[in-house]
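Please read it alongside the model.

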Amino acid sequence: MTDTDWHDLGAADDFRRAPVTETSIGPLRLAISWTTEGFGAVSGVCSHAGGPLGEGRLDGEYLVCPWHHWKYHRVTGGGEPGYEADAIPRYDVRESDGRLLVDIASATKRRKAKHAPHPLARPVERAPGPPRVLGISTTNMERGHSRYSTSEALLEHALNFASQSLGTEQQIIRLRDLDFRACEGFYSKSAQACTWPCSITQMDPHDQLDRVYEALVHWADVVMIATPIRWGNASSLYYRMIERFNCIQNQVTIANRVLLKNKVGAFIITGGQDNVQQVAGHLLGFFGEIGFHFPQFPYIAHSRGWSAEDMENNVRSVQASTDLREGAEQLMARAVDAALLHLDYSDADHLRSRGGRKAHRLAQENGG
Ligand code: FES
């Protein structure tokens, strides 16, 4: 019996061509590194989410995972300062007659420190209580210098109606108030690199999209999105938000885990120019794809048409429109009624409550 098990990886000079080279011995993946200090050999699999360390880069003596940038000493396998307890296997490595040899029997043990899970990672369980409505306003404006937004005004009206007449709980998130990074394409590295919670959310404590994730995934029954029409599309803030929802849809694909269940979406779309149906088509397609249900007639919209450049009159016409405010109320009633259909109300039996009956009656009157 021998306590070594040396394997020939190939010509040593081949491993000098790059600071880090990925190689394997059968199923064993290795990251071989080279500096003027010599060779290092460690596991090619990151302890975080299985990232390919052999495709990483060197930062001094540390090997950086290409997925979320965890670092390990390229020779000892230990974690970077402060995270030494996260260690990957390291192997004895030597050069002999121009060949690079690794002793796989010399492997040290993989060690993973206990990391407290991100709060968003908890199981998705609807807490008992009345229907909950989340309004998301996606319009942008100068901070500290608010202007009248037709889409946001109708959203606020719908939320007030829900509170006063339907017995719901509600909150509004104005995306412009949040500092959040655009999606940085972790999915483009690998499907597995796009994690739930979002990789950015886990790595950047200053990123504030966690508030949207918390409300959307863990809290809301109804999500009402309000958007202006910008060059025929929803607002840029809206797109910046939904790109970050890839991590929600990706859980279905890679983990068979459906984060959004029994949730209803509804939309308010307003603009000085047309293209209402294109914006609505996108909203319905996207929210359908991530798991939302919709009430009958799932959006209201307003536009005075392509040639209406007199925007101040657009604002006035929305402010003066009883139809639009009633439309916002009826949309909210249909959405809450649809949410009730999807919820188990054995605890609160909200359908027998005043608000629930009203939501149902209004929805029936309005085609829901
Ligand atoms: S840092 Fe390596 S998989 Fe996340």
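Buried means under 20% relative accessible area, exposed over 50%, and partly exposed in between (1.4 Å probe, protein chains only). Gly 291 is partly exposed, at a relative accessible area of 25%. Gly 291 sits in the loop between helix 7 (276-289) and strand 14 (299-303). Helices (H or I, at least four residues) and strands (E, at least two) are DSSP runs, numbered from the N terminus. From Gly 291 to Val 252 the C-alpha to C-alpha distance is 9.6 Å, and the two are 39 residues apart in sequence.

This is a predicted model: local features need pLDDT of at least 70, side-chain atom pairs count only at pLDDT 80 or more, and totals for chains, interfaces and linings use all residues. Residues are numbered from 1 along each chain as its sequence is written, and side-chain values use heavy atoms, with hydrogens and water left out.

Three strands make an open, antiparallel sheet in the order 1-9-8. Strand 1 and strand 8 are at the edges with a single partner strand each, so one side of each has no neighbour in the sheet. Two strands pair if DSSP finds at least two bridges between them. Strand 8 and strand 9 are joined by five bridges.

| Strand 1 | 6-11 |
| Strand 8 | 92-96 |

**Pocket**

A pocket is an open set of points on a 1 Å grid over the protein atoms alone, where a 1.4 Å probe fits, with protein on both sides within 12 Å along at least five of seven lines; lining residues have an atom within 4 Å of a point. The largest pocket is lined by 18 residues, with His 48, Trp 70, His 115, Ala 116 and Gln 202 nearest its centre.
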